[in-house]
Amino acid sequence: MSGMNSRRGGLLCPPSWAQRADAGVRPYRNGGAIWRIAVLYLVSRRFIQTLAAIAALTALTWSVMRQTPTQPIPGMDLEMVTARNETLLLHLAAALLASVIGIAVFTPFGETERVSPVVLPVMRGLHLLLLFPIGCAALSLVISGWADVMPGVDLVPLFLRNALFLTGLVLLAGRVVDVRLVWMLPVMLGGVTTVSLLRKLDGMQVPEELWRDNGRNVLALDLSHGHATAICLGVGITAFALYIRDGVRDTEAEN
Amino acid sequence: MAMRMTIPIKERSGSTSLPFASRIQAWFRLFIIEMRRTPALYAALLIAAITAWGMWSALPAGVVRWDEVSHSAGSAMIPASAIAAGIGAFVARRDERLRLDDQLAQTAFGQARRDLLSLVATLVWCLAGYLIPVAGFFAYASAHATWAGPIWGYVSITVVTIVLGIAGGWFVGTIFPNRFSVLVAVGAALAVHGVYPLSVRFRTEEWIDPDGSVQFVTTEGWYKNLIPYEVLDYSNVARMLWWGATWILGISILLLGAAWWWRHRSFVALIGLSIAALVSGPAAAALIGEEPVMWLQAVYVQPLCEARLGGQIEICVHPEDETLLDDVTAVIEPLIAPVAGIPGVPIRFEEQQPTDDTSGTVWFYLYDEESLDLNVTSSVIRELMREPSGEVLHGAGSAQYVVIAWLLQESGVPSDEGTMITYLWPISFSQRVDEAIAAGITDPNAFAEFMNTGSDRPRDASFEADVRAAIDRFAALPDDERRAWLEQNWDALCSNELTLDDLP
């Protein structure tokens with residue numbers, strides 16, 4: 001190997017990948033090596049299992065919503081029940097999707113990966129920007145099939161907004177604590193939103209009120225509240241950019 | 001002479017085990033290490049935040065009631081138990097400890113004991129995360145609530161449900177050690193709580209009416225009382241609390257026993273499984289047979305009363321709302337003062353609705369300080385004018401509308417249309433009432449149907465102008481003349497026999 005070193009700018013430099021491949025030291029050329037690293041990266045992030053988890057979440061959301069009655073039942077406000085189930089399931093789906101993504105971005109390699117050169121931000125970006133749209137697309141497809149019982153409330157954009165916000169929170173929290181633990185954050189926020197809505201349900205006159213919670217919870221406001229959308233987009237985009245640049249904490253002991 | 005570096009076996013003491021006190025000390029040290037290093041600390045912080053937020057947001061303004069404080073302690077059940085389940089799954093089968101790998105690798109404690117301490121540390125943190133804010137709010141309530149005491153059932157059921165969450169998570173994490181096991185556990189916990197409200201369709205049956213039409217009816221699921229979140233509402237009933245707590249703890253032991261057996265093949269696990277089966281089976285059978293909805297009956301409590309307007313009226317509130325009594329009297333007194341003492345005007349205003357007889361008493365709804373004005377004023381003006389028989393009328397005719405608007409003006413509340421709609425109803429409603437009375441409709445159902453059929457009619461501007469003019473005219477009358485008219489016509493006014501034309 002040392003014979004392959006070259007001098008550039010007066011410095012002794014290691015051989016390039018192509019030189020190594022030509023010398024038979026590495027079995028892959030550049031394209032093959034990048035492909036292999038990409039595959040190994042996805043394997044290390046349990047990509048297949050993540051897709052299975054998203055599929056399970058999608059199936060769960062779809063099947064649970066199917067249990068909502070479609071025929072009028074005496075003593076039951078069908079529109080309100082449908083709106084309640086749609087809203088609660090939307091919050092649940094967004095929280096669990098963010099949790100799945102939070103767990104999926106964990107790296108098992110620790111320090112080895114942290115000192116790796118520039119290829120990782122690209123991998124992180126591709127992984128996240130593959131995973132998030134897949135999850136959103138699958139669940140949006142289910143949500144778009146739900147009955148429109150809340151005039152003026154578009155559930156698909158609301159789901160995308162909330163999922164972006166919660167995923168952003170997961171990635172930001174993953175910079176501070178072990179990313180394997182930050183699933184708690186979306187579960188907590190989803191739970192708080194759900195419990196808050198359930199408590200106020202009795203006093204609601206029309207289904208749209210499910211999306212007119214107080215101004216403090218941005219997850220429970222519809223798209224007419226511009227500040228909620230701005231906060232969600234801001235948190236989401238910032239967190240995605242920071243994650244792609246720096247990654248997340250993969251252990252409790254990182255200093 | 002060479003030094004002996006080791007002690008021959010025959011010279012060692014007979015027992016190699018540590019003294020009892022030292023063993024306890026060793027257990028305790030490892031437990032403290034677990035407490036300091038377990039990731040359950042994060043779960044505790046989040047559970048505490050959820051619990052505190054839920055209890056804080058449930059506090060009414062200006063009054064503290066034990067019932068609400070106790071009930072709100074259960075509001076954190078769903079997210080807290082889901083987080084507990086996730087952290088249970090995360091900690092189970094996890095030997096990695098922060099900066100302690102080498103130390104734990106050399107400990108004399110076996111894996112089972114380390115697992116036990118890890119489980120206990122998780123339990124302690126999660127329960128502490130829940131109970132510390134609850135204790136804080138209970139202390140606040142004990143200092144400020146004026147009636148009754150804490151209802152421990154809500155707290156107890158939530159505590160055992162958090163234990164169940166950890167046990168379920170531990171079970172999942174033990175048999176399915178994977179980075180996604182936490183989400184499986186969280187999903188399972190949420191599914192357990194949500195299965196009842198989301199299974200309406202399963203419990204819906206077709207019903208053919210005698211006229212041949214198809215109806216749908218929803219039945220109570222037999223499994224309803226087995227779900228912790230459904231038990232929560234009835235956990236102030238002792239039987240429901242004990243059976244519910246026993247059932248939930250039994251299932252928790254069952255899950256922990258199964259996980260323990262899976263990992264350690266331990267005899268202790270078999271004992272746990274046996275206890276769980278013995279405990280949870282009868283408890284489940286008892287719960288399925290209960291019909292707790294029958295127990296929720298309001299109990300009339302001796303109210304706290306205050307005489308006002310020289311004893312002409314008496315205002316009463318439930319003892320738990322003692323702190324709101326001054327605010328209530330400040331609303332009712334100026335509203336009633338102009339008509340107090342007139343024969344037929346109510347003399348007693350009470351928060352609770354007595355179960356036996358409501359005649360002569362005006363009942364008002366009271367929640368908190370912020371909604372007090374609206375709730376009390378609208379309750380009082382809607383029930384102020386009763387028929388001589390004591391019945392509350394179905395609606396105020398135009399004459400009643402004018403008198404009520406004047407009373408509101410006198411008490412300092414503007415009587416513009418927006419305010420009147422908030423406290424009473426639109427002017428057009430009074431016009432329909434006049435028409436119903438003129439048509440001789442007295443049956444409540446026929447009256448309601450008549451009102452509904454005209455609800456989309458365009459506004460009658462001339463009638464509204466007449467009402468406005470009548471209000472101004474009535475307010476401008478000399479006090480003596482107005483009082484004399486009211487004394488003479490109060491019964492007719494209450495019976496809706498008067499219209500705008502009859503007003504002075």
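Let me start with the interface, where 46 residues of chain A are in contact with 39 residues of chain B, contact meaning heavy atoms within 4.5 Å. Please keep in mind that this is a predicted model, in which local features need pLDDT of at least 70 and side-chain atom pairs count only at pLDDT 80 or more, while totals for chains, interfaces and linings use all residues. Residues are numbered from 1 along each chain as its sequence is written, chains are lettered from A in the order in which they are written, and side-chain values use heavy atoms, with hydrogens and water left out.

The area buried between chain A and chain B, that is, the accessible area (1.4 Å probe) that two parts lose on being put together, summed over both, is about 3,600 Å², and carbon and sulfur atoms give 71% of that area. On the side of chain A that touches chain B, helix 3 (47-66), helix 4 (78-104) and helix 8 (184-200) of chain A each supply at least two residues, helices here being DSSP runs of H or I, at least four residues, numbered from the N terminus. Helix 8 of chain A gives the largest share of that side, 10 residues.

Turning to chain B, helix 4 covers residues 77-91, and its 15 residues should span 21 Å at 1.5 Å a residue, which agrees with end C-alpha atoms 21 Å apart; the expected span is 1.5 Å times one less than the number of residues. In helix 4 of chain B, 15 of 15 residues are buried, meaning under 20% relative accessible area (1.4 Å probe, protein chains only). Just after this helix, Arg93(B) takes a positive phi of about 60°.

Methods: Buried means under 20% relative accessible area, exposed over 50%, partly exposed in between (1.4 Å probe, protein chains only).
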